[in-house]
Amino acid sequence: MPKELAALIEAFDPINDNRADAGMAIRRAVLSDAHVDRAQAQITPLDQAFQTLITEGAWGTVWANPGISARDRSIITLALLAATGNFEEIPMHIRATARTGASQRDVTEAFQHVAIYAGVPRANHALKLAKQTFAEMEDSADD
């Protein structure tokens, strides 16, 4: 999957872009069709504009930019989520590592950086979530 994701990112043309389409394709490649389908099914008029912002801004602009790899973006995202205490999104992005190419060691190294630069308690909690999520991923792979 990392090669397919890299191909999507490389194909992005910032001059003739359609950030909504590019964003949705990359969002699906990183988070999975099942995750995105669940999120799309829950959109209401209240959060429609927010969902568009996420798809076009986060996925269609930032993640679509070929300046750094999806693996590196995945690691950066996890470190930032941990450093800022946004723990609720960590399991989703841990699951995404299966598609971005970030390894368990990459995640561990990122959280060690968080411990030094943002605090041990945040890194410790992020690592706890990562361990739980990786274990769930292994259990579901056995099914």
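Before the packing itself, a word on terms: axes are lines fitted to C-alpha atoms, for helices over the stretch in contact, and angles run from 0 to 180 degrees between N-to-C directions, while helices are DSSP runs of H or I with at least four residues, numbered from the N terminus. This is a predicted model, in which local features need pLDDT of at least 70 and side-chain atom pairs count only at pLDDT 80 or more, whereas totals for chains, interfaces and linings use all residues. Residues are numbered from 1 along each chain as its sequence is written, and side-chain values use heavy atoms, with hydrogens and water left out.

Helix α6, residues 90–100, packs against helix α8, residues 120–142, at an angle of about 50 degrees, and their axes lie 9 Å apart. On the α6 side the contact (heavy atoms within 4.5 Å) is made by I90, P91, I94, R95, T97 and A98, and α8 contributes A126, L129, A130, T133, F134, E136 and M137.

How many residues of α6 are buried, that is, under 20% relative accessible area? The count is 9 of the 11, so α6 is largely enclosed by the rest of the structure; among them are M92, H93, A96 and R99.

I94 deserves a moment of its own: leaving aside residues up to four places away in sequence, I94 touches L78, V107, A130, T133, F134 and M137. Finally, α6 is followed by G101, whose phi is positive, near 95 degrees.

Definitions and conventions. Helix = DSSP H or I, 4+ residues; strand = E, 2+ residues; numbered from the N terminus. Buried < 20%, exposed > 50% of the residue type's maximum accessible area, 1.4 Å probe, protein only.
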